[in-house]
Amino acid sequence: MPDIVAPGPSAIIPGQDFVPVVLGGDRLGYSLARSFHMAYGYRTLIVSRMVAGPIAHSCLVEHRQIPSLEDPELLVATLRDLAPKVGSDKRLLLATTDHVVSVLARVKHRLDDLYLIPYSEPELIDRLTRKENFAQLCHELDIPHPATVVYEVSDHGSDSAAAQLDSLTFPVIAKPSNAEAYAGVDFAGKQKIHSASSRAELDDLLGKLHAAGYRDKFILQDVIPGDDQGMRILTCYVSKQGEVKFACFGRVLLEEHAPDTRGFPAAIMTGVDHEAVAAATRLLEHVGWRGWANFDMKFDPRIGETVFFELNPRLGGTSFYITAAGHNVVEWYVNEWVKGESLEGRPVIETTTEHVFSAVPVRLLKKYVTDPATKAKLNKLLKDGEVTNPWFYKAEKSPKRWQWIAMNQVNYVRKYRRYYPEPKALV
């Protein structure tokens, strides 16, 4: 263990041999804080615009406010000012969204004298998170991927753009190629991921995008049949030597359906898919990835294969599904980046444990799991106590914290009643 720095009287988190510093107070920010506390009994410094619900009244975190996480100059100045006040000279710096990861990667050369920053180079992150590039890479490496049209929103209204749309078969999924550019525009009905059941519906969406000032590419993809239960998730850790050392596969049991969170996994059952892990390993080692990568996927019953949608350059917002299954995600960061251990030559770990992660009440989850085999497995795991809610943590002592958790669970019931009252297959 590194020596503990003797903290000054104004140290933010004294007495730890390292301090996790997390950019973002969302669900991933809290999941990371909980994981650090579970593994080491350590608290986390969260830097974000506000104390949002996921971290409010939590005894696991200290919070410092910043007007914006997306402003590179402000981010560098804030983090350099905070560094000597943290309480340790070992500061592990993490981010919770693709956008902030990209910003952090671009400025890490101005911060790596003060922080340990475990992300790939910005050029690689930008390349792989652009969905058209990811689709092309999947094609080159023979990795299953849905039929994709890359639409130039800047050309919307032209004859060439209309010809692209004429080639589509509906319904389609529509999502931004450039998450950073998309975050900067606003329009009525904006969602993380859109679907369009007809040409008229898609024209309306693209017109709103263009009018809002979005001028980058939008990805239009074939809709794969099946409901939420067809979705898959895979998270891999790549060592400093560029070797995949860990993989955790999960079957999504239920997604969120409210407009602002649509597509986020709400419940995941861990399991095994050796073919998906092999494909992800081939891709990550081919491009020279480092650190965590998270893949969104779906099982396509038409071809009997799991197809890859996209790569997120970080742990996913629901990555606590991995910690809940017995493999604490932060230990990989700490062992390699804080303790300086080499992972070279170590065997690859692929999770085989079956465990249920559910951010929603179990009674609500059971309503939406309709596949008979999956339902039977879910009921057995619930009976065996193999279920974890990321919000329920005994270390939290504040009554206000538990009031927020109770309201969070009630609000899930309300949101599903409003936006997704009955399970339905997508065809």
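**Before you start**

The model is predicted, so local features need pLDDT of at least 70 and side-chain atom pairs count only at pLDDT 80 or more, while totals for chains, interfaces and linings use all residues. Residues are numbered from 1 along each chain as its sequence is written, and side-chain values use heavy atoms, with hydrogens and water left out.

**Stop 1: an aromatic pair**

Select F246 and W292. Their ring centres are 5.9 Å apart and their planes stand at 85 degrees, so the pair is edge-to-face. Rings of Phe, Tyr and Trp (its six-membered ring) pair if their centres lie within 6.5 Å; planes under 30 degrees apart count as stacked, over 60 as edge-to-face and the rest as tilted. The whole structure holds 21 aromatic pairs.

Now colour the strands. F246 lies in β10 (residues 244-255) and W292 in β12 (residues 291-300), so the pair ties together parts that are 46 residues apart in sequence. Helices (H or I, at least four residues) and strands (E, at least two) are DSSP runs, numbered from the N terminus.

Are these two residues buried or exposed? F246 is buried, at 0% relative accessible area. W292 is buried too, at 1%. Buried means under 20% relative accessible area, exposed over 50%, and partly exposed in between (1.4 Å probe, protein chains only).

**Stop 2: charges over rings**

Select K240 and W337. The charged end of K240 sits over the W337 ring, 4.3 Å from its centre. Then go to R401, which lies over the face of Y30 at 4.4 Å from the ring centre. The test is that NZ of Lys or CZ of Arg is within 6 Å of the ring centre and within 35 degrees of the ring normal.

**Stop 3: cavities**

Rolling a probe the size of a water molecule over the atoms shows where empty space is left. On a 1 Å grid over the protein atoms alone, a cavity is a set of points where a 1.4 Å probe fits but cannot get out; a pocket is an open set with protein on both sides within 12 Å along at least five of seven lines; lining residues have an atom within 4 Å of a point. Grid points are joined across faces, edges and corners, and a volume is the space filled by probe spheres set on the points.

How many cavities of 30 Å³ or more are there? The search finds three. Select its lining: R27, S31, G317, T318, F357, A359, P390 and W391.

The second largest cavity has a volume of about 50 Å³. E256, H257, A258, T261, Y412, K415 and Y416 line it.

**Stop 4**

Select F249, D273, E275, A276 and T306. Of the 21 residues lining the second largest pocket, these are the closest to its centre. The pocket holds about 350 Å³ of space. Helix α9 gives the largest share of the lining, four residues.

**Stop 5: Y368**

Select Y368, in helix α12 (residues 362-368). Y368 is buried, with a relative accessible area of 2%. What does Y368 touch, not counting residues up to four places away in sequence? Its contacts (heavy atoms within 4.5 Å) are Q229, L254, Y416, Y420, P421, E422 and P423. Y416 also lines the second largest cavity.
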